[in-house]
Amino acid sequence: MIIITGGAGFIGANFVHHWLGHGDEAVLVLDALTYAGNLESLADVQADARYGFVRADIGDRAAVAALLAQHRPRAVLHFAAESHVDRSIHGPGDFIRSNINGTFELLEATRAYWTALPEGEKAAFRFLHVSTDEVYGSLSPTDPAFSEATPYAPNSPYAASKAASDHLVRAWHHTYGLPVLTTNCSNNYGPYQFPEKLIPLMIHNALAGKALPVYGDGQNVRDWLYVEDHCRAIGRVLQAGKLGETYNVGGRNEVRNLDVVHTLCHLLDQLRPRADGSSYTTQIAFVADRPGHDRRYAIDARKIEAELSWRPQETFATGLKRTVQWYLDHADWVAHVASGAYRQWVGKQYGGAVQTSGAAA
């Protein structure tokens, strides 16, 4: 079986669905259920005998060590992170505690577990760390895309905390021999994304008749990666990645933020027209840019494409249409997140205490 930290978050939950949908191996989710951890995103797999859940913090080394000893996973996939740039600007402390200190405690618990494994299990074990392209900083319009050799230059508290966690993972491999793999991905989008991020926020606000806030001039460029393509990439890296190596994962979809918003508006015009017949583009509103807003990100994914035969299956057009349709079809999920009702679901299911559920437990 495998353990997934942060498995109730956006990418983690999508990976759980992907994993259980494409194999027989059990998965145990470890999540502290902070504001973006939402067990409603895993409701569809709750009854699956291969799925288990534990509410715990990666910063609690004793709790993590006990779980490792009890379940004896053959891999730990580390998704858990505070991940929103705006939140990191207003409250960087949580990002230091979770992304840096939490990763350190998780690495130490994992190292102790791995060191004590029998030789065969020890050789087969993997620690896969999921990171971001934001650690590389910002690109000009003419700069080459980020490669695995691009020097780190993080520009936000979030990016700096993820860069630090990447360095810790690398150091635990080179110093202690821990069998690690690292992935650095571009901007993900798709189902179950917390509606503070650009795409779900625009969908939510558009349908609610609210303004669609666009930072600055809207010309900031991101490389967009459909989350299911990202999940497939992580699976390939876990299966065949070279120990100690980093793999950049991108969608080959560089799009300006303003163009993303316009495309979303046109999709909603088709799929859920406004009652007055006008376009959702009339709701676009430009707002003051956020501090230190990186101008452009772009991923050079040739390494994972060449070495592991992975390529994205979704174009931005097909992935975005799937995403919009998912949010339209799951209005209850969105409403519960927007209202905070998803937290009541957690209390009902787990009572606020550290608990385990599922046969994988």
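Visitor: What is a cavity, and which residues line the second largest cavity?
Guide: A cavity is a set of grid points where a 1.4 Å probe fits but cannot get out, and its lining residues have an atom within 4 Å of a point. In this predicted model, two cavities of 30 Å³ or more are present.

Visitor: Which element gives the most to the lining of the second largest cavity?
Guide: At least two lining residues come from each of β1 (2-5), α2 (61-71) and α4 (92-115). With three residues, the element that gives the most is α2.

Visitor: How many charged residues are in the lining of the largest cavity?
Guide: The lining of the second largest cavity has seven nonpolar, two polar and no charged residues. The largest cavity, with about 40 Å³ of space, is lined by Val85, Glu134, Ser156, Arg290, Pro291, Gly292, His293, Asp294 and Tyr297. Its lining divides into three nonpolar residues, three polar and, as to charged residues, three.

Visitor: Which residue of β9 is the bridge partner of Asn188?
Guide: The open, mixed sheet has the order β7-β9-β11, with β7 (187-189) as one of its edge strands. Strand β7 runs parallel to β9 (residues 221-226), and three bridges join them. In β9, the partner of Asn188 is Leu225.

Visitor: What angle does the direction of helix α8 make with that of β9?
Guide: From one strand of the sheet to the next, the twist averages 50°. Helix α8 (residues 227-240) packs on this sheet and touches β7 and β9. Its direction and that of β9 make an angle of about 70°.

Definitions and conventions. Residues numbered from 1 in each chain as written. Predicted model: local features only at pLDDT ≥ 70, side-chain atom pairs only at ≥ 80, totals over all residues. Heavy atoms only, no water. Pairing = 2+ DSSP bridges. Helix = DSSP H or I, 4+ residues; strand = E, 2+ residues; numbered from the N terminus. Axes fitted to C-alpha atoms, helices over the stretch in contact; angles between N-to-C directions. Contact = heavy atoms within 4.5 Å. 1 Å grid on protein atoms, 1.4 Å probe; cavity = no way out; pocket = protein on both sides within 12 Å on 5 of 7 lines; lining within 4 Å. Points joined across faces, edges and corners; volume = space filled by probe spheres on them. Nonpolar A, V, L, I, M, F, W, Y, C, P; charged D, E, K, R; others polar.
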